[in-house]
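Welcome! Here is a short briefing to read alongside the sequence and the structure.

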Amino acid sequence: LYRYSGKGVWGVVLGGILIGGIQALIALPFLLGNGGAYILTAFDFSRNLLWDKSRVLQFVGRILFQLQSLHLGLLVASLIMVTVFFVRLEREHSFYPGASHTRVLYAVLGCNQIMICFAKAMYTPFLCWYFYSLPLLMGLTDIPPLHMALLWIVQEVGFRAWPPPELESFVELLLAISNLYIMWRLMGRNKLLETE
């Protein structure tokens, strides 16, 4: 999609078709085997992740966690924030076309951070890849070094399981607040990208 973005709206549409075609090609063995079941399972928004196995949002409680309206609200919020992020990136940093590798990396990691903030549930293995990209993302923003250190400590502590449910919920709330703070700083002006 990045390659076609300099060709206007039709370039973006062409890039989207290319990406969709590659995904359809990857899914082809599953579609040929049992296409109906594959489509229904892949896009089944009614399934619920286990509240007690999640690493985020346990602090909202089991009843709220199971609500479909929470799931839909988080999905809509994530799409809105990703759109705002890319519009600000384009407007303030002339992201497209010909963006540097740093700007592309910032966009990818920033988008991941936004999705982490609004994910309904994430299991520990999913957090592993995110956890190690966080220092790089914070280094690309203008977060002060002291804040980076404190955020890293919160992430390090919040990444682990805490036996009493009340303590687990409190730690996950701190983790959510730290992730929202990082996202908020992503939305601000970035002096690092302006100097390129």
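Y181 and W184 sit three residues apart in helix α7, about one turn of the helix. Their ring centres are 5.8 Å apart and the planes meet at 45°, so this pair counts as tilted. Please keep in mind that this is a predicted model.

**Aromatic rings**
- Y181 is partly exposed, with a relative accessible area of 22%, while W184 is exposed at 57%.
- The count of aromatic pairs comes to three.
- F85 and F86 form an edge-to-face pair, with 5.4 Å from centre to centre and 65° between the planes.
- F85 is buried, with a relative accessible area of 2%, whereas F86 is partly exposed at 25%.
- Ring pairs also join F85, F86 and Y106 into a cluster.

**The nonpolar core**
- The largest nonpolar core has 26 residues, and F85, I114, F118, I182 and M183 have the most contacts inside it.
- Helices α3 (68-93), α4 (101-117), α5 (124-140) and α7 each contribute at least two residues to this core.
- The largest share, seven residues, comes from α4.
- Leaving aside residues up to four places away in sequence, I114 touches S78, M81, V82, F85, M183 and M187.

**The nonpolar surface patch**
- A nonpolar patch on the surface has about 880 Å² of accessible area in total, and its members include L146, W162, F170 and I177.
- Both α6 (145-158) and α7 (165-187) supply at least two residues of the patch, and the largest share, five residues, comes from α7.
- I177 lies in helix α7 and is partly exposed, with 48% relative accessibility.

Terms used:
Residues numbered from 1 in each chain as written. Predicted model: local features only at pLDDT ≥ 70, side-chain atom pairs only at ≥ 80, totals over all residues. Heavy atoms only, no water. Patch = residues over 30% accessible without salt bridge, like charges linked within 9 Å, V, L, I, M, F, W, Y side chains within 5 Å. Areas by Shrake-Rupley, 256 points an atom, 1.4 Å probe, with all protein chains shown as cover. Salt bridge = Lys/Arg side-chain N within 4 Å of Asp/Glu carboxyl O. Helix = DSSP H or I, 4+ residues; strand = E, 2+ residues; numbered from the N terminus. Buried < 20%, exposed > 50% of the residue type's maximum accessible area, 1.4 Å probe, protein only. Core = buried A, V, L, I, M, F, W, Y, C linked by side-chain atoms within 4.5 Å. Contact = heavy atoms within 4.5 Å. Phe/Tyr/Trp six-rings, centres within 6.5 Å; stacked < 30°, edge-to-face > 60°.
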